[in-house]
Amino acid sequence: MSLQRFISQAISPWMKSGPGPDSDIVLSTRIRLARNLKNYPFPIFASSDVSEQVLRHVSEELSTIPAGADGALELLKMDDFSFNEKRVLVEKHLISPHLAEHSRHGAVMLSPDESVSIMLNEEDHIRMQSLFRGFQLDEGLDFSNKLDDCAEEKVTYAFDEKRGYLTSCPTNVGTGMRASVMMHLPALVMTQQLNRILPAINQLGLVVRGIYGEGSEAQGNLFQISNQMTLGKSEEDIVDDLKGVVSQVIQQERSARETLMRSSRIQMEDKVFRSYGLLKNSRVMESKEATKRLSDVRLGIDLDLIHGISGNILNELMILTQPAFLQQYAGKELSADERDVRRAALIRERMELEKENEE
């Protein structure tokens, strides 16, 4: 398979739909809703027969709900996929690690552009997520509410008048909503301002996690900021609080970038072009180094230091250089050392492909 075709198949169509608002800093926005069915035990307590019944019932009922302009949802059952194929879906942020590894009769329903993902029999019976380019919390909430309303016309949710939507994890009870944004914050990391900002964000009822959410570490200066509270506030209030904090972080990141360019331009250029050179020429590249170098190059593009390369390169290569994708591209299982060699080769090919497309 050619690299161009592999990229086309690997990258979700919604990611290629053009830059979103503030996309130099906010890569994506996600709204996720946790829902359970009335009169059914939560997935963690359900028998295999009940889980299969839930999967059949929900997938049939939700198959006709409108999830975008491109067509109907497609059902993918986890039992039909290999371990590596499920990890690919995790690396694309289409399913959670829990669904890939621990669910009983788990599945995901995907829209054609993969901007809508409905996980079935994860920690909850239904987990709906909607993904958007850039900073689009209001648009995400509006779309997710409409999607939720359509689903609620088809199935009966477990709901309590005082507590709200009932979920497996107590931290999701209430609205059942997690709103999050994925942010690229290299300048705040370089100036060590992020260490001061993170505790303040946590005190406001928000949480900062790594690229794959809870339990994951930050890679490539990418941070996911989301609400921690789901009970006692409306969906609109949660989004407004998150939007206010993210807007301030955007301003601080831009200010830090301007300060670095004003006070240390030559050092910034050296950092960016060293990473660019390593990505173009390295024969071995470990995962952590790759994410660090890709972050530098993306910053160089956003600061108008590097030309002729798409800003999508960070989004693409952060996914394509993950272990499952490397093995999918190679068509076989790879050792850690083999992955490091393949990762370097894929990055070089991607850089060369960018040059050919520019010409």
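The legends below describe several close-up views of a predicted model.

Residues are numbered from 1 along each chain as its sequence is written, and side-chain values use heavy atoms, with hydrogens and water left out. Because the model is predicted, local features need pLDDT of at least 70 and side-chain atom pairs count only at pLDDT 80 or more, whereas totals for chains, interfaces and linings use all residues.

**View 1. The packing of helix α10 against helix α11.** Helices α10 (residues 287-302) and α11 (residues 313-320) pack at an angle of about 170°, and their axes are 9 Å apart; helices (H or I, at least four residues) and strands (E, at least two) are DSSP runs, numbered from the N terminus. The axes are lines fitted to C-alpha atoms, for helices over the stretch in contact, and the angles run from 0 to 180 degrees between N-to-C directions. The two helices, α10 and α11, are therefore roughly antiparallel to each other, a term for angles over 145 degrees, with those under 35 counted as roughly parallel, 65 to 115 as roughly perpendicular and the rest as oblique. On the α10 side, Thr291, Leu294, Ser295, Arg298 and Ile301 meet Ile313, Leu314, Asn315, Leu317 and Met318 of α11, where contact means heavy atoms within 4.5 Å. The residues of this contact between α10 and α11 divide into six nonpolar, three polar and one charged, with Ala, Val, Leu, Ile, Met, Phe, Trp, Tyr, Cys and Pro counted as nonpolar, Asp, Glu, Lys and Arg as charged, and the others, Gly among them, as polar.

**View 2. Asp304 in the loop between α10 and α11.** Although Asp304 is not a glycine, its phi is positive, at about 65°. Asp304 is exposed, with a relative accessible area of 51%; exposed means over 50% relative accessible area, buried under 20% and partly exposed in between (1.4 Å probe, protein chains only).

**View 3. Helix α3 and the residue His93 that follows it.** The buried residues of α3 are Asn84, Lys86, Val88, Leu89, Val90 and Glu91, and they pack against α4 (97-101), α11 and α12 (323-330). Val90, which lies in α3 (residues 83-91), is buried with a relative accessible area of 3%. Val90 and Ile319 are 229 residues apart in sequence, yet their C-alpha atoms are 9.9 Å apart in space. His93 is found in the loop between α3 and α4, and its phi is near 65°, a positive value in a residue other than glycine. At 25% relative accessibility, His93 counts as partly exposed.

**View 4. The buried and exposed sides of helix α7.** Within α7 (residues 194-203), Leu194, Ile197 and Ile201 are buried. Seen down the axis of α7, these buried residues fall within an arc of 60°, so they line one face of the helix; the arc is that of the directions from the helix axis to the C-beta atoms. An α-helix has 3.6 residues a turn, so residues three or four places apart point the same way. On the other side of α7, Asn195, Arg196 and Gln203 are exposed. The cover over the buried residues of α7 includes α6 (186-190), β9 (206-209), β10 (222-227) and α8 (235-263). Just after α7, Gly205 takes a positive phi of about 85°.

View 5. The buried residues of α9 are Met268, Val272, Ser275, Tyr276 and Leu279.

View 6. Leaving aside its neighbours within four places in sequence, Ser180 is in contact with Ser28, Thr29, Arg30, Gln224, Ile225, Ser226 and Leu242. Ser180 and Leu206 are 26 residues apart in sequence, and 9.6 Å apart in space from C-alpha to C-alpha.
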